[in-house]
Amino acid sequence: MILKILKAVWNFWASIKLSIVLCFLLALDTALAYPLIKMNLTTFIPLGEVGIFTWLETYGRYNLGHTLWFFILMVLLTFLAINTFVCATEKLWHLLRQYNYSAGLKSLILKLGPHVMHYAVLVILLGYLGSYALSESLPGRSLTPDGLPIKLPRGQGELTLSKVNPVVYSGSRLDFFDTWYLDPGYVLTYTDREGNSESKALAYSKSPSFAGYRFYLADFYPKRNTGGGMGLNYIKLSIRKDPSAYVYIGGLILFVIGLGMYAADIFLRRKKKSSLTLAKATEPIPSEL
Amino acid sequence: MDENFLYKVAEIILLVSVAFSFTRKTLVLSQVLFGLYLPLGLWYIGIRYWLALPMTPMFMGTAGVPPFLALFGALYWKRFSGEGLFFYRSLLILTFIIGLEHVFFPKDFYLPFLKTATFFSQCHLLFTLLGKAALFISGLHALDFLLAGKTGADSPPGRFFLWLVIGFTFWTLCMFSGEAWSYLGWGLPVVWDDAVIVTFMATWFFYIALLHLHLAGGFSARSRAYFSTFGCLWVIVVNCLPDMGPFRVPTLF
């Protein structure tokens, strides 16, 4: 009896039709979210800073009119994760049991592409959840070149900033950008509690990491190389400690590998099919022999 | 040359090409004009990139689609005069309609911003353009299968499925490069400062559902074709309309 119920539950979650329905619902939910986010940006921006559970209890709970879609998204993604795991595991089990191993392993590996993609989706979702739930965020820290250092939490060291080689826009294609810094040329120096130092470049596209923290350049002043020494001279840093980032980045890479395997499988099958058709077409007709 | 002038000239050429495609006598002329449109459209994209580099041009996610759509469609140029005529006409019309967005509702007054001067940002835009164009081609083949089927379909289900896979691959790469850019620039996979982020997710989920419809079995080729055709409308509404700026009466100069 219990086995029967378990099997029925398993079969329910293994349904590919359920995947289709869930994906259409997710598509609809996220499409309808666009105007709600656009009109209420200030509700959603803190999501990355305060963590998902705190956000759901505060911003989410008290603005249900325009955050309900996010709660629905969470439920649908949970269902999709269960469905993906059960469905992919069942299909993989069938493939490994029924595969004709004498056909060679290359074909089997390519056929694993869709399964790799499905498991990658699970890894990505897990990574996102970890990133939004467990990461530590220290927003709004400012530094001035050769000024006072900022200290990392729990006495994990301190940071100082210096300005070395700024790169100025020299394209002369967009007049507005003349004399603007493309790369402000900052160098971030980390000193641990033993006094050991390490320096790394900091720019919009370069986010160095020290002691498990990653440092993002949020803004900087001055924006332009005007030649004078007056005015604002500081940067805004966003600091994050997010080990889950490696999980979702791994998942993204895994998905792309799976997609490549799937595309290669389709390509090889089409090639085989067309060469078979060609061989058939060029085969001599028996009556002509 | 001013890139917007170039775009409008290309759009006029395309309009004449559409008109000429409806009579057999002027079909060749229509194809010649289509051949002229293609380099002009790609030139426009080249100018936008050249102006913005090393940053990424802003709000080109729809304006840059028609040239790529025409480029992918041109892969079937040998069939344009024969069985692929319906596909050719619908390709011209869709390319023209999407181009109208930039002519009447341009959003070209935004300067690029410094955080877009990264490899992943460039990849994100390029894959967006390629993805949208490939998904439109899939929809056009599906439409061809549905409407021109009785008079000699040139688009078997395998063809719109193939473009679906190509489009989905580009779309996935566009999403993932966007996430990599977001992680390197802000430390988060999804930055909520721009609502457009959810429209990318919406289309990704829509096409995952569509791929499963093709792979699940039990769904007829016609029902799959209806969904693929609906995909064109979906991408226009969900991914192209948010790129629209305020209405402006177009002028050539």
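Two residues count as being in contact if their C-beta atoms, placed from the backbone, lie within 7 Å. Helices (H or I, at least four residues) and strands (E, at least two) are DSSP runs, numbered from the N terminus. This is a predicted model, where local features need pLDDT of at least 70, side-chain atom pairs count only at pLDDT 80 or more, and totals for chains, interfaces and linings use all residues. Residues are numbered from 1 along each chain as its sequence is written, while chains are lettered from A and ligands numbered from 1 in the order in which they are written.

**View 1. Helix α6 of chain A and its packing.** The buried residues here (20 or more other C-beta atoms within 10 Å of their own) include A:Thr67, A:Phe70 and A:Leu80. So what do the buried residues of α6(A) pack against? They sit against α1 (2-13), α2 (16-39), α3 (41-44), α5 (52-62) and α8 (113-134) of chain A.

**View 2. Where chain A touches chain B.** Chain A brings 41 residues to the contact and chain B brings 37 residues. On the chain A side, α2(A) gives the most, with 14 residues. Other elements giving two or more residues include β9 (213-221) and α9 (244-282) of chain A.

**View 3. An open sheet of four strands in chain A.** The order is β1-β10-β9-β8, with antiparallel pairing (strands pair if DSSP finds at least two bridges between them). β1 (136-143) and β8 (209-210) of chain A are at the edges with a single partner strand each, so one side of each has no neighbour in the sheet. Two bridges join β8(A) to β9(A), and A:Ser209 has A:Arg214 as its bridge partner in β9(A).

How values were computed
A residue is buried if 20 or more other C-beta atoms lie within 10 Å of its own, exposed if 12 or fewer, and partly exposed in between; C-beta atoms are placed from the backbone.
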